[in-house]
Amino acid sequence: MKRLVTGLLSLSLLLGGCASTSPSPSSVPPSALFADERFAPPSEAVGAQDLFALSPAMRDYLHSAAFTQRLHAKGMRHGLVDALYSKTDLKLEYESRITRTASETYEARMGNCLSLVIMTAAFAKELGMPVRFQSVEVADSWSRTAGIYLSSAHINIGLGQHASDVLRGHDPDRVLVVDFIPREQAASLRTRELDEQDVVALYLNNRAAEALIQGRIIDAYWWARAAVAARPGTASTLNTLAVIYHRHGELALAERAFQAALAREPENLSVLRNLELLLLALGRPLEAQALARRIASIEPTPPYHYFDLGMAALEAGDFDAAVAHFGREVKRSPYNDEFRFWLGIAHFKLGHMGDAREHIALAVDHSTRGDMREVYSAKLAHLRKVAGTGTRFR
């Protein structure tokens with residue numbers, strides 16, 4: 001296996017939200033990008049055949065007296081949303097780490113935005129309601145896990161009216177939008193409609209990225225392969241496949257997949273950054289330097305730049321500088337829980353107890369992972385306990 005260059009790879013993973021995609025022809029046929037013979041069979045079933053399938057438990061819930069009463073009381077669409085997301089019944093939680101099918105989301109009672117969209121669509125389709133998948137144009141948010149930058153965008157779902165409502169004279173074009181991540185001025189955000197095959201590709205791509213993060217590179221390949229096959233020519237799925245090839249030591253195949261992605265989106269920063277690392281691994285530093293200059297011209301300050309400076313300042317005991325650096329990162333990405341948490345820690349080091357509590361509380365609110373919410377909550381409770389004692393935060 002060829003040596004890999006250390007560095008942070010970039011993936012579009014639909015965690016806090018969901019990245020958009022669109023059908024597009026590619027100059028490279030998908031089959032030319034696959035290398036099945038270089039990977040063992042997957043350890044799990046790979047595919048999206050049952051993505052929207054209802055389990056027996058879901059069907060029982062759909063026909064339960066409580067569910068039926070909600071539909072009669074509030075109408076089909078509002079009754080469905082109330083039944084699924086009220087705090088008194090299913091008690092679903094937002095959890096970003098795992099992308100699930102409709103039935104898995106229902107069983108686990110948790111999911112990321114893509115999982116919740118899929119489960120909602122499954123119920124709505126069973127009830128005869130038209131569904132509309134929408135990519136929401138918001139600035140991508142970033143996180144880092146297992147040496148990989150994760151870019152998250154956003155998706156929501158619109159519910160059309162049931163045929164019986166239309167027959168009673170309602171407007172068939174009116175859509176109830178269900179959004180799982182509250183955002184300021186959400187009504188003013190631009191959206192772009194996706195079709196169901198786009199959602200399938202997003203699901204498969206998520207599963208590939210999640211397997212890669214867990215170190216299951218063989219499974220990651222098969223999920224990524226399925227994603228590329230589901231929607232050929234999509235930059236995000238090609239990027240994921242290329243990253244997997246790079247991690248597996250298949251450098252020539254990685255370059256081919258990156259170039260196919262760039263043919264679709266020439267200024268996709270995730271792809272460009274990953275290709276830069278690959279060129280270094282291939283022993284082509286001059287090309288890598290030229291690409292780095294191109295990346296800097298598109299985005300002079302990369303994700304986590306000020307965060308890393310803040311961590312270095314915190315380690316050096318320069319807490320004023322740490323607050324300044326973390327604050328700049330929070331300004332760029334106000335919903336990033338990691339940035340909020342460490343800004344709170346830096347404020348605590350300076351004795352700014354009110355600011356420390358505020359930012360760590362926001363970290364709890366913004367976190368999309370249950371385990372991290374527990375960590376932040378414990379730190380916040382400890383901070384409140386020692387706030388007046390002079391005890392140093394650990």
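How close do the axes of α15 and α16 come, and at roughly what angle do they cross? In this predicted model, the two axes come within 7 Å and cross at roughly 165°. Angles over 145 degrees count as roughly antiparallel, and α15 and α16 are therefore roughly antiparallel to each other. Here's a quick tour of α15 and what sits around it.

**The helix itself**
- α15 covers residues 337-349, so to speak a run of 13 residues by the DSSP-based definition.
- From its first C-alpha to its last, α15 reaches 19 Å, close to the 18 Å expected at 1.5 Å a residue.

**The two ends**
- At the start of α15, Asn336 points a side-chain oxygen to within 2.9 Å of the backbone nitrogen of Glu338.
- Just after α15, you'll find Gly351 with a positive phi of about 80°.

**Burial**
- α15 is largely enclosed by the rest of the structure, because 10 of its 13 residues are buried.

**Packing against α16**
- The crossing of α15 and α16 is left-handed.
- On the α15 side, the contact is made by Asp337, Arg340, Phe341, Leu343, Gly344, Ile345, His347 and Phe348.
- On the α16 side, the contact uses Met353, Asp355, Ala356, His359, Ile360, Leu362, Ala363 and His366.

Notes:
Residues are numbered from 1 along each chain as its sequence is written. This is a predicted model: local features need pLDDT of at least 70, side-chain atom pairs count only at pLDDT 80 or more; totals for chains, interfaces and linings use all residues. Side-chain values use heavy atoms; hydrogens and water are left out. Helices (H or I, at least four residues) and strands (E, at least two) are DSSP runs, numbered from the N terminus. The expected span of a helix is 1.5 Å times one less than its number of residues. Buried means under 20% relative accessible area, exposed over 50%, partly exposed in between (1.4 Å probe, protein chains only). A polar contact is a pair of N or O atoms within 3.5 Å; within protein, one must be able to donate a hydrogen and the other to accept it, and residues adjacent in sequence count only if both atoms are side-chain atoms. Axes are lines fitted to C-alpha atoms, for helices over the stretch in contact, and angles run from 0 to 180 degrees between N-to-C directions. Angles under 35 degrees count as roughly parallel, over 145 as roughly antiparallel, 65 to 115 as roughly perpendicular and the rest as oblique. A crossing is left-handed if the near helix is turned anticlockwise from the far one by less than a right angle, and right-handed if clockwise. Contact means heavy atoms within 4.5 Å.
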